[in-house]
Amino acid sequence: MIVVGGPLAVAFMSFQANNVLEALRGIGLMFRQPQATHENLHKELVKIIDWARAVKEGGLRGLESKAAPRNLNDPFIKYGIAMVVSNYKPDEVRMMMETAADGYYERDTIPARVLMAMAGHAPAFGMVGTLVGMVIMLGAFKDDMSGVGSGLSVALLATLYGVVTARMIYIPAAAKITQKQESLRFRNHLLTEGLVMLVAN
């Protein structure tokens, strides 16, 4: 309770609740396939080439019918297409989309910061658990020395749990979230270049 509950309580006190819940969901991402894989990037580049053909044949109107916002699920691509068909200049589209890509990255890496904070607190709460266990053990200590070894081993387990949860759960999960978001940021910057090229014909 102390080793798991302590870092969780501190996280909820330090960060917004939705960010903490997202961080806890991120622990499950350690075992899932990332979104921005090489195959997905290839598909999206092929999609941009297809849009380029639509622009060549029918101008921005052709692109608008080909890539209607209602047919797009990705909010970043939706935003980019809206920029392309709104007669912005290429430099303006690049600036706005890069700002959006960096904004997505900053927002979506907050759960990684939450997990790193929990990783920092977990060993400290492990020590707290050890101290509580030792206080209980010494409070029950009288003339009989036989229970000292077993009581001390149980007390020290809290420190072990704190270090293990930090090093085997929180830090790897934070690294996985950061890696995933860096891949998505690279993909968003790549899409930005493609959409800027569409605007520049």
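**Entry 1: H4**

I started with H4, where Phe76, Ile77, Gly80, Ile81, Met83 and Val84 come out as buried (under 20% relative accessible area; exposed is over 50%, partly exposed in between, with a 1.4 Å probe and protein chains only). I noted that these residues cover an arc of only 155 degrees around the axis, which puts them on the same side of H4; the arc is that of the directions from the helix axis to the C-beta atoms. A reminder to myself: an α-helix has 3.6 residues a turn, so residues three or four places apart point the same way. What covers the buried residues of H4 includes H3, H5 and H7. For the labels, helices (H or I, at least four residues) and strands (E, at least two) are DSSP runs, numbered from the N terminus.

Ground rules before going on: this is a predicted model, with pLDDT of at least 70 needed for local features and 80 or more for side-chain atom pairs, while totals for chains, interfaces and linings use all residues. Residues are numbered from 1 along each chain as its sequence is written, and side-chain values use heavy atoms, with hydrogens and water left out.

**Entry 2: cores**

Next I looked up the largest nonpolar core, which has 19 residues (a set of buried Ala, Val, Leu, Ile, Met, Phe, Trp, Tyr and Cys residues joined through side-chain atoms within 4.5 Å). Trp51, Leu63, Ile81, Leu195 and Leu198 have the most contacts inside it. Two or more residues each come from H3 (38–66), H4 (75–84), H5 (90–108) and H7 (148–199). Another core, of 16 residues, lies apart from that one, and Ala11, Ala23, Met30 and Ile177 are among its members.

What does Leu63 touch, leaving aside its neighbours within four places in sequence? I get Trp51, Ala54, Val55, Ile81, Val84, Val85 and Leu198, where contact means heavy atoms within 4.5 Å.

**Entry 3: Leu191**

Leu191 is in helix H7 and counts as buried at 5% relative accessibility. Not counting residues up to four places away in sequence, Leu191 touches Glu44, Ile48, Phe76 and Ile77. I also checked Leu191 against Val132: they are 59 residues apart along the chain, and their C-alpha atoms are separated by 54 Å.

**Entry 4: H6**

Buried or exposed: which is Thr130? Thr130, in H6 (residues 110–139), is buried, with a relative accessible area of 4%. With residues up to four places away in sequence not counted, Thr130 touches Ala155, Leu156, Ala158 and Thr159.

Under the rule of not counting residues up to four places away, Pro111 touches Asn19, Glu22, Ala23 and Ile177.

I then took H5 against H6: the angle is about 25 degrees and the axes are 4 Å apart. The pair is therefore roughly parallel (under 35 degrees; over 145 is roughly antiparallel, 65 to 115 roughly perpendicular and the rest oblique). Glu106, Arg107 and Asp108 of H5 meet Ile110, Pro111 and Arg113 of H6.

**Entry 5: positive phi**

Asn87 has phi near 65 degrees, a positive value in a residue other than glycine. Asn87 is in the loop between H4 and H5 and is exposed at 65% relative accessibility. Asn201 has a positive phi of about 60 degrees, sits in the segment after H7, and is exposed with a relative accessible area of 80%.

Methods. Axes fitted to C-alpha atoms, helices over the stretch in contact; angles between N-to-C directions.
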